[in-house]
Amino acid sequence: MPYTSHVKTERLMGMAAVLLKRKNISTAELARLFEVSRRTVLRDIEALSMAGIPVRTMQGHGGGVSLMEGFTLDHALLSEKETGMMLSALRGLASATGDESYTLLMEKLEEGSSSYLSGSGHMLIDLRSWGGEETVRKISLIERSIAARRCVTFTYSSPKGESERCVEPYYLVFRWSSWYLWAWCRVREDFRLFKLSRMTSPLQGEVFTPRIVPYPELSDEEGILSWMLTFGRQVKVLGPEHLVNLIKQRAAEILSVYEEDP
């Protein structure tokens, strides 16, 4: 299959999955989600309709793109491998968020599937982090805030200390076994990447007007630092120098916690 055709097929599958989960979504948001133009989204909607998926569009206030009520995805449109890939991804999202809508979507995909897909998939993706239920609650609150375009306030802990933040949330990011929030920080007046494990007491705030959002600049430095520390004294980092200094700083901070008077 040519690369462009393969990419389009994956995008159409993804769009069908989004429409199954969301009752209504704008073409602008679909374009943002799949990183294409609105014209491409309209062509994709036409392609889905020609494939037998009843997509409908409504203009004006409260309009958007949706599927006809009661529609379930015909498995003839997907191979067993493609269905299995979608189920694996959805299980991972369900494990991280605790959102029942992912479970409902999995049930729709599994309807009429073989017992192999329904009961014994060979790939399991667990996106839960060390935070457990606390992280799930944070993800749930942030997801609702992103959908409702509402600010999130929280206390943020960093090596420099604690600070109160009010942010406009845009993306949840999973990287290096940790969850992050990509948001506009009203305190720093810039986009920032916040680690969920460093956030405490998150609350939903006022409605905000969406901005033009750049994609997160994901640095590997924090992930590499955390990964290297898991080896303890079994590994010595030789370079680059700034990473060596960061490891020394982090080790000193950890040691200082245990040296404090009880």
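Is alanine 148 buried, partly exposed or exposed? Alanine 148 is partly exposed, at a relative accessible area of 39%. Buried here means under 20% relative accessible area, exposed means over 50%, and partly exposed lies in between (1.4 Å probe, protein chains only).

1. Basis. This is a predicted model, where local features need pLDDT of at least 70, side-chain atom pairs count only at pLDDT 80 or more, and totals for chains, interfaces and linings use all residues. Residues are numbered from 1 along each chain as its sequence is written, and side-chain values use heavy atoms, with hydrogens and water left out.

2. Overall figures. The protein chain has 9 helices and 7 strands. Both are DSSP runs, numbered from the N terminus: helices are H or I with at least four residues, strands are E with at least two. Of its 262 residues, 35% count as buried. The accessible surface of the chain is about 16600 Å², and 55% of that belongs to carbon and sulfur atoms. Areas come from the Shrake-Rupley method with a 1.4 Å probe; for residues, only the protein chains shown count as cover. Take the contacts with a separation of 6 or more: residues 24 or more positions apart account for 54% of them. A contact means heavy atoms within 4.5 Å.

3. Alanine 148. This residue sits in helix α7 (residues 133-148).

4. Helix α2. Thr27, Leu30 and Ala31 are buried in this helix, which spans residues 27-34. They lie on the same side of α2, because they cover an arc of only 100 degrees around the axis. The arc is that of the directions from the helix axis to the C-beta atoms. An α-helix has 3.6 residues a turn, so residues three or four places apart point the same way. Just after α2, glutamate 35 takes a positive phi of about 55 degrees.

5. Strands β1 and β2. Strand β1 (residues 55-58) pairs with β2 in the antiparallel sense, over 4 bridges. Pairing requires that DSSP finds at least two bridges between two strands. Methionine 58 stands opposite glycine 64 in β2. From β2 (residues 64-67), Gly64 and Ser66 point one way, Val65 and Leu67 the other, and all are buried.

6. The open sheet. Its 5 strands run in the order β6-β5-β4-β3-β7, with antiparallel pairing. The edge strands, β6 (190-195) and β7 (199-207), each pair on one side only. Neighbouring strands are turned by 45 degrees against each other on average, direction ignored.

7. Strands β4 and β5. Strand β4 (residues 161-175) and strand β5 (residues 178-185) pair in the antiparallel sense over 8 bridges. Phenylalanine 174 belongs to β4. Its bridge partner in β5 is tryptophan 179. Phenylalanine 174 is partly exposed, with a relative accessible area of 33%. C-alpha to C-alpha, phenylalanine 174 and lysine 195 are 9.8 Å apart, at 21 residues apart in sequence.

8. Cysteines. A disulfide is counted for a pair of cysteine sulfur atoms within 2.5 Å. The count comes to 0 disulfides. For cysteine 151 the closest cysteine sulfur, in cysteine 166, is 4.3 Å away, too far for a bond. Cysteine 185 is in no disulfide either; its nearest cysteine sulfur, that of cysteine 166, is 8.2 Å away. Cysteine 151 is buried, with a relative accessible area of 1%. Cysteine 185 is buried too, at 0%.

Terms used:
Axes fitted to C-alpha atoms, helices over the stretch in contact; angles between N-to-C directions.
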